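Here are my notes on the model, jotted down as I went through it. Have the viewer open while you read.

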Amino acid sequence: MNQFKFRKVRNKLFLFSLSIAAVVCLAPLIMVTSFMLQKGAASLDLDFFTKLPVPVGEAGGGMLHAILGTIYMVTLGSLMAVPLGLIGGIYLSEYGKGGISKALRLATDVMTGIPSIIIGIFAYILLVVPFKSFSALSGAVALAIIILPVVIRSSEEILKLVPKHIREAGLALGLPRWKVILFIIVRGNLSALFTGVMLAIARASGETAPLLFTAFGNMYLSYSPMEPMASLPVQIYTYAISPFEDWQRQSWAGAFVLIILVIGVNLGARFLMNPKALKNFLKRSSS
Amino acid sequence: MLNQQTHNATPTKSIAKKLSGAYGDKVAKVFMQTVALAILALLFLMVYLLFEMSLEAIKEFGFGFLTSTDWDPIMEEFSALPFFYGTLVTSILALLIAAPISVMVAIFITDILPVKLGQVLGLFVEMIAAIPSIVFGLWGLFFLAPIVREQITPLLKSTLGFLPIFQGPSFGIGVLTASIILAIMILPTITSISREVFKSVPQHQKEAALALGATREEMIRLAVLRPSFSGITGAIVLGFGRALGETMAVAMVIGNSSRISASLFAPGATMSSVIANEYAEASAGLHLSSLCYVGLLLFLVTLVVNSSARFIVWKFSPIARSARKDKRA
């Protein structure tokens, strides 16, 4: 009887500690979001989106240049990475048996695991050293290398879910394989593929490390790919480690905008996807 | 099969027709193979350029790079040991905090909570992974660091102060704060992989344990945790790999000091944080090259850790093995 009680108590204690763990796990999420809501939203105003930075000491100013810079570089990076990534993913799911596909799958795994700061070094050596200037282009290339493996991964996973008989039905109708792939498999899963791409882009747009010494950042509007360009994350970093209170406030506002942007795109993309693919992607995305 | 059928068609086809047949297939395949090879080439180029850039430092310091403790850009003395040490200490400490919590949360989601509620909790955990590193850094700098300085440090000092790791002054920013942030950031990684591992435990195995009169705790211990051991190990090692490479949040709260200190309250630096902090300002060739060398080492370490995690998960886990068999069947 005594032992029975002991087991029961232990069971209760165990369940209790599990719930505690869940609370501890969620606490940082709540603390981070509430901190950003308080500090960030309070420091946010319309000027933030429409004005350029002002010199230290003057009040006001915003981060228009950084917001535009992030959009500019993320778009440029996506234009480079997304087509390649989709083709790679299609290749892996449709021709996934040969030596090249095995090598590509391994390379994708390796690339996913590379710390983003090292991708920054690579883009620096590749584009900053030869042109002797920090540039938006090198930042975009760094972001592209971050997006690429994620897109390959997600599109492979999504297309693998297409049942075999759909491919066979297409082939049985006499369609060549590339038409089956392009007009049946890819077209039928466009929204899911789109979600995978958006998740990758959302992830890249929050990256700071690869932009630190590629795009570098500046304090004015610039549209040239060969010049340094500001980005939201780098601007937040620069302001956060500065000793000026006004700048620190701006960096909270920036972080608030960034978190809304990234989580908004992330959640929006997830719920666009059909539930089956969503489930599978959640399974694989982090493994 | 398809190729043969189309090959038998009349040889006098227009180009358009050719493209729609086996010829088109070949073009498409070759095109995709080219892209695949290009992506492979990109990876090799990355490693090669990184190596080439570090060559100067490799020649200068060789393996002594990992044994000496001086990092002095002015005297041009460089060594990776303080950063290697910092990376190791922060990552291990982060694992010690995060691993038990994430495994418990994973069990909570897969085996205790109702399915719907579990999915919601799972989504929240995934959201932690979506928060950009810089936001964690900002939060750590302005929210967590003061808490560590004013609450956690006195608590640790009064209870465990006799240990050398809990001595010395605390400024809030330092190894401990960086480890806590890292722990938060690797929580979702370990949780979601552990969830996968637990999910692959056959339902009848759990039911059998319950039918024998086991409590839920015993059922989980015997029927879920024990067969998942290698899977959990793999998840933790993968979390470790994530922690090693994390840059911005750590760079903002660790204090960036290249001195090795036994105290967890002291500032330190990690391999990635030193690159983030010094790279843009490094002007001398040797300094730049040494930073690249640090990057190369970091790359190799994460590569080894990530591959071994994958190896553990896929080779040693009986559950994963049977799951793979099921998938094939």
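1. Let's begin with contacts in chain B. Taking those between residues at least 6 apart in sequence, 76% join residues at least 24 apart; two residues are in contact if their C-beta atoms, placed from the backbone, lie within 7 Å.

2. A word on ground rules. This is a predicted model, where local features need pLDDT of at least 70, side-chain atom pairs count only at pLDDT 80 or more, and totals for chains, interfaces and linings use all residues. Residues are numbered from 1 along each chain as its sequence is written, while chains are lettered from A and ligands numbered from 1 in the order in which they are written.

3. Chain B has 14 helices and zero strands, so its pattern along the sequence is α-α-α-α-α-α-α-α-α-α-α-α-α-α (helices, H or I with at least four residues, and strands, E with at least two, are DSSP runs numbered from the N terminus). Of the 329 residues in chain B, 47% are buried, meaning that 20 or more other C-beta atoms lie within 10 Å of a residue's own; 12 or fewer is exposed, and in between is partly exposed, with C-beta atoms placed from the backbone.4. Eight residues of domain 1 of chain B touch nine residues of domain 2 of chain B. On the domain 1 side, that contact has five nonpolar, one polar and two charged residues (Ala, Val, Leu, Ile, Met, Phe, Trp, Tyr, Cys and Pro count as nonpolar, Asp, Glu, Lys and Arg as charged, and the others, Gly among them, as polar).

4. Now look at helix 6 (residues 133-160) and helix 7 (residues 175-199) of chain B, which pack at an angle of about 130° with axes 10 Å apart. Axes here are lines fitted to C-alpha atoms over the stretch in contact, and angles run from 0 to 180 degrees between N-to-C directions. That angle makes helix 6 of chain B oblique to helix 7 of chain B; under 35 degrees would be roughly parallel, over 145 roughly antiparallel, 65 to 115 roughly perpendicular, and the rest is oblique.

5. Which residues of helix 6 and helix 7 of chain B meet? From helix 6 come Phe136(B), Gly140(B), Leu144(B), Ala145(B) and Val148(B), and from helix 7 Leu176(B), Thr177(B), Ile180(B), Ile181(B), Ile184(B) and Met185(B). By class, this contact has nine nonpolar, two polar and no charged residues.

6. Over in chain A, Ile90(A) sits in helix 3 (residues 64-94). Ile90(A) counts as buried because it has 24 C-beta neighbours inside 10 Å. Leaving aside neighbours within four places in sequence, Ile90(A) is in contact with Ser155(A), Leu159(A), Ile181(A), Val186(A) and, from chain B, Met32(B).
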